[in-house]
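Reader: Please take a close look at one part of this structure for me. I would like to know what its neighbours are and how the pieces lie against each other.

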Amino acid sequence: MISEKMQEALNEQVNKEFYSAYMYLAMSAYSNTIGLPGFANWMRMQYEEEIMHVTKMYDYIQDQGGVVTLKAIEQPPLEYGTPVEVFEQTLEHEQYVTSLIHKLMDLAVQEKDYATQTFLQWYVTEQVEEEANVNDILSPLRMVGEDKGGLMMIDQQLNGRAAPAPLPA
Ligand code: FEO
C-alpha cells in the first residue's frame, strides 16, 4: 500500500518518463533529418528504455493497490542543434531526471515507505548508468566536434546499440 501523496508523486514521474521517451523519439527523428542514422538508432533505443521505465513504475503503482493517472505529455522540441548539442541536452535531461528520482526517494524516506525506497533504488542505480553512458559518448563527440570523418565513426558506433532487455515477467 502507498499513500495518496506517494501515489501522486509516482504518477507525476510516470508522466516525466513518458516525456523522456517522447523527447528521445523526437531526437531520433531529428538525428535522421541531419543525416546521422546511428544517432537516430541510439535515441530510438533510449526511447524504448524510457518506455521500460514507465512500465515498471506503472506496474508498481498498481501492485501497491494504487491508481494510475495518465496525464497529458508535453510536446518536446523539434530541433536539437549540432551533434554535440544533441548529447549535451541528453545529459542535461538525464541529470534533471536523476534529481526527480532523488526527490521521490526523499519523499519515500520521509514517509517511512520502505517498499517504495527499495523500488526506487533500481532507478537511482539506473540513473548513474544513464548519465555514465551519455558522458561516454559526449567525451569523444566533443573531441571530434564538426569533423565529418570523426562524426561518421561515432555514428557507426551508435548504430550498434541494441534494444534493452525486456522486463522479467
Ligand atoms: Fe528514465 Fe532516462 O531516465
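Author: What follows is about helix α4 and the parts around it.

This is a predicted model, in which local features need a pLDDT of at least 70, side-chain atom pairs count only at pLDDT 80 or more, and totals for chains, interfaces and linings use all residues. Residues are numbered from 1 along each chain as its sequence is written, and side-chain values use heavy atoms, with hydrogens and water left out.

Begin with Gln117, which has its place in helix α4, residues 114-144. A helix here is a DSSP run of H or I with at least four residues, a strand is a run of E with at least two, and both are numbered from the N terminus. Gln117 has a relative accessible area of 19% and is therefore buried. The cut-offs are under 20% relative accessible area for buried, over 50% for exposed, and partly exposed in between, with a 1.4 Å probe and protein chains only. Apart from neighbours within four places in sequence, Gln117 is in contact with Met105, Ala108, Val109 and Lys112; contact means heavy atoms within 4.5 Å. A polar atom of the Gln117 side chain lies 3.2 Å from the backbone oxygen of Ala108. A polar contact is a pair of N or O atoms within 3.5 Å; within protein, one must be able to donate a hydrogen and the other to accept it, and residues adjacent in sequence count only if both atoms are side-chain atoms.

Lys112, one of the residues in contact with Gln117, is found in the loop between α3 and α4. Its relative accessibility is 59%, so Lys112 counts as exposed. Lys112 has a positive phi of about 55 degrees, although it is not a glycine.

Further along α4 comes Val124. Leaving out neighbours within four places in sequence, Val124 is in contact with Ile101, His102 and Met105. Val124 and Met105 are 19 residues apart in sequence, while their C-alpha atoms are 8.7 Å apart in space.

The axes of α3 and α4 are 9 Å apart, and the helices pack at an angle of about 165 degrees. So α3 is roughly antiparallel to α4. Axes are lines fitted to C-alpha atoms, for helices over the stretch in contact, and angles run from 0 to 180 degrees between N-to-C directions. Under 35 degrees counts as roughly parallel, over 145 as roughly antiparallel, 65 to 115 as roughly perpendicular, and the rest as oblique. The residues of the contact of α3 with α4 comprise 17 nonpolar, nine polar and five charged. For these classes, Ala, Val, Leu, Ile, Met, Phe, Trp, Tyr, Cys and Pro count as nonpolar, Asp, Glu, Lys and Arg as charged, and the others, Gly among them, as polar.

Phe119 is another residue of helix α4. With a relative accessible area of 12%, Phe119 is buried. Not counting residues up to four places away in sequence, Phe119 touches Lys56, Met57 and Tyr60. Phe119 and Tyr60 are 59 residues apart along the chain, and 8.1 Å separates their C-alpha atoms.

Next comes helix α5, residues 148-158, which packs with α4 at an angle of about 160 degrees, the axes being 9 Å apart. Therefore α4 and α5 are roughly antiparallel to each other. Here too α4 makes a left-handed crossing as it passes α5. Ile137, Pro140, Leu141 and Val144 of α4 make the contact with Gly150, Leu151, Ile154 and Leu158 of α5. By class, this contact of α4 with α5 has seven nonpolar residues, one polar and no charged.

Last, look at helix α2, residues 37-63, and helix α3, residues 83-110, which pack at about 15 degrees with axes 12 Å apart. These two are therefore roughly parallel to each other. Phe39, Trp42, Met43, Gln46 and Glu50 in α2 meet Pro83, Val86, Phe87, Thr90 and Glu94 in α3. The contact of α2 with α3 has six nonpolar, two polar and two charged residues. Gln62 has its place in α2 and, at 41% relative accessibility, counts as partly exposed.

Conventions. A crossing is left-handed if the near helix is turned anticlockwise from the far one by less than a right angle, and right-handed if clockwise.
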